[in-house]
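Me: I'd like to walk through this model feature by feature. Can you show me how to read each one?

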Amino acid sequence: MARIQIPLDALTSRLNLGSRLEGVRSQSLSTRFANLKPISEFLNLSRLSKPAGFGEVQSRVNYNLGYFSSNYVAVAIMLLIYSLLTNLTLLFDIIFVAVGLFGIKKLDGRDLELGFARATTSQLYTGLFVIAVPLFIWANPIGSALWLVGATGVSILGHASFMDKPIDTAFSEEAV
């Protein structure tokens, strides 16, 4: 059976994702959030307008994704926190696994000895796995992830496409 070759480069070159993601990887966390624009500029209702066509939407999205990138990361993080707070089972499972792995690591390979039982680290990992995986499946992480992708996409792309560029930027592009 022949493999299907998907030209990912052709799909991502139009959106210029390579250079966008390279900039994200090369910045530290403090540098990334030092570029946050003020909330009054990010939610400036006087700059909201309906784009004339798809070309203008592309232009606005390209400009706003670069200009408000730190704000969009903050929006995505807030939506992630909201998603975890509304899915308490998933949040509990993540905390349970993190605390369980931390506790097993603190044993430094020794067995856990209780007064009436003894458990090896292998048994502890197995017990953690047996409890956490069904709980994780029951918590519906795929639904939460799909909601997060949809809500983030609608919020960010909606803002980026309806937020008009500043006037000085629009005039500088026409001169070029």
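**Rings, helices and a buried serine**

Reply: Let's begin with the rings: Phe 42, Tyr 63, Tyr 67, Phe 68 and Tyr 72 are linked into a cluster by ring pairs. Keep in mind that this is a predicted model, where local features need pLDDT of at least 70, side-chain atom pairs count only at pLDDT 80 or more, and totals for chains, interfaces and linings use all residues. Residues are numbered from 1 along each chain as its sequence is written, and side-chain values use heavy atoms, with hydrogens and water left out.

Me: What counts as a ring pair, and how many aromatic pairs are there?

Reply: Rings of Phe, Tyr and Trp (its six-membered ring) pair if their centres lie within 6.5 Å; planes under 30 degrees apart are stacked, over 60 edge-to-face, and the rest tilted. That rule gives seven aromatic pairs. Take Phe 42 and Tyr 72: the centres are 5.7 Å apart and the planes at 65°, so this pair is edge-to-face. It links distant parts of the chain, with Phe 42 in helix α4 (residues 39-42) and Tyr 72 in helix α6, 30 residues apart. Helices here are DSSP runs (H or I, at least four residues), as are strands (E, at least two), numbered from the N terminus. Phe 68 and Tyr 72 also pair edge-to-face, at 6.2 Å centre to centre and 65° between the planes.

Me: Are Phe 68 and Tyr 72 buried or exposed?

Reply: Buried means under 20% relative accessible area, exposed over 50%, and partly exposed in between (1.4 Å probe, protein chains only). Both Phe 68 and Tyr 72 are buried, and Phe 42 is buried too.

Me: Where is Ser 83 found, and what is it in contact with?

Reply: Ser 83 is in helix α6 (residues 69-86), and is buried at a relative accessible area of 6%. Contact means heavy atoms within 4.5 Å. Setting aside neighbours within four places in sequence, Ser 83 is in contact with Ser 144 and Trp 147.

Me: How do the axes of α7 and α8 cross?

Reply: Axes are lines fitted to C-alpha atoms, for helices over the stretch in contact, and angles run from 0 to 180 degrees between N-to-C directions. Under 35 degrees is roughly parallel, over 145 roughly antiparallel, 65 to 115 roughly perpendicular, and the rest oblique. The axes of α7 (residues 88-106) and α8 (residues 121-138) come within 9 Å and cross at roughly 170°, so these helices are roughly antiparallel to each other.
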